[in-house]
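Please look over the sequence and the model below before reading on.

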Amino acid sequence: MTQQNSPLLEAKHLQKFFPAGQGLLPTKQRHWVKAVDDVSFRVESGKTLGIVGESGCGKTTLAKLVLLLEQPTAGTIHFQGEDVLKLRGDRLKHYRASVQAVFQDPYGAMDPRQRVGDMISEPLRVTRGVTNAEADQRVAEVLQQVGLSATAARYYPHEFSGGQRQRIAIARALSTQSQLLVLDEPVAALDVSIRSQILNLLKDLQESKGLGYILITHDLAVSKHLSHHVAVMYLGKIVELANSDSLYDRPNHPYTKALLSAALPTHPDETQEEIILSGEVPSPLDPPSGCRFRTRCPYVMPRCAESEPPLAEIAPGHLSACFLNN
């Protein structure tokens, strides 16, 4: 993917393998769950990278790697040119302050015994070492930025609606002057009537602050609304990567086409091709040889079992991993 600007965050050849049970005999061969396998991407300031795919494709593991909640088996992550995996001390604190997360269930990510003001200021105190007065001022600022009154700081999470709690979660992520937000299904737990409000809030904040977003979602409509670029994952790999307009208007990979076929149309009069995939998603413990999608692909060829198709550029800025392009 050719881009002129230097990226805010760049990951190269990321892998995360989890060991599967070795059994009682020490001589038994160890198996590995390949949750993320050779994934590369970049995120620019003021832009959103959407990562879409079915459950179990590796989206959340990828988010955990960026947030340093998991250490990669292999690969690199650079943030503003610095190797994240080598950061220590104050530089590591700076990274954790700069890269924050907003999770699917805002209430589950909050301490019900903690007031909203204390909850929002906690990451600020840990990573920035501010005074009480500075923390209180910052809490009031970010609450107002997400459309809530500064007086909300005095209340507990259960005293707010689901949409308000997600606004509080966004305020907490913004409190540390973050530059990159990892949004893990940020509206999946909300009523349909509230989703558009939160998505529009995220867009407004991005435009006003130049924030970079990594959007983890299975909802293609959400990704289309918020993403500038989209990466489609299947069994731990990116199978297609393109700018949002190109991917939604001209999908190339058979898996991407199947995902879009299964999504609800954006307009009642819109017609779309119906693609029904056969079989189940293979286990990441024992993925198919060659192309991992071949066991469900309607266009499978003999060579698909023999070697893995590379993620190659098929049009300017549009990458796809499929032998049909050759």
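**Helix pairs and a buried proline**

In this predicted model, helix α2, made of residues 89–98, crosses α3 at roughly 155°, and the axes of the two helices come within 9 Å. An angle over 145 degrees counts as roughly antiparallel, and therefore α2 is roughly antiparallel to α3. The crossing of α2 past α3 is left-handed. On the α2 side the contact is formed by K93, H94, A97 and S98, and on the α3 side by V126, T127 and R128. Sorted by class, the residues of this contact between α2 and α3 are 2 nonpolar, 3 polar and 2 charged.

How many of the residues of α5 are buried? The count is 11 of 13, so that α5 is mostly covered. The buried residues of α5 are G163, R165, Q166, R167, I168, A169, I170, A171, R172, A173 and L174. Among the elements that cover them are the strands β6 (99–102) and β7 (180–184), together with the helices α3 (116–128), α4 (132–145) and α6 (192–209).

One of these covering elements, α6, can be followed in detail. The helices α5 and α6 pack at an angle of about 20°, and their axes are 10 Å apart. Because angles under 35 degrees count as roughly parallel, α5 is described as roughly parallel to α6. Their crossing is right-handed. From α5, the residues G163, Q166, R167, I170 and L174 take part in the contact, and from α6, I194, Q197, I198, L201, L202 and L205. This contact of α5 with α6 comprises 7 nonpolar, 3 polar and 1 charged residue.

The last stop is P186, in the loop between β7 and α6. Is P186 buried or exposed? Its relative accessible area is 1%, and because under 20% counts as buried, P186 is buried. Apart from neighbours within four places in sequence, P186 is in contact with F103, Q166, L215 and I216. Of these, Q166 also belongs to the contact of α5 with α6. P186 and T217 are 31 residues apart along the chain, while their C-alpha atoms are separated by 8.1 Å.

Methods: Residues numbered from 1 in each chain as written. Predicted model: local features only at pLDDT ≥ 70, side-chain atom pairs only at ≥ 80, totals over all residues. Heavy atoms only, no water. Buried < 20%, exposed > 50% of the residue type's maximum accessible area, 1.4 Å probe, protein only. Helix = DSSP H or I, 4+ residues; strand = E, 2+ residues; numbered from the N terminus. Contact = heavy atoms within 4.5 Å. Axes fitted to C-alpha atoms, helices over the stretch in contact; angles between N-to-C directions. Parallel < 35°, antiparallel > 145°, perpendicular 65-115°, else oblique. Left-handed = near helix turned anticlockwise from the far one by under 90°. Nonpolar A, V, L, I, M, F, W, Y, C, P; charged D, E, K, R; others polar.
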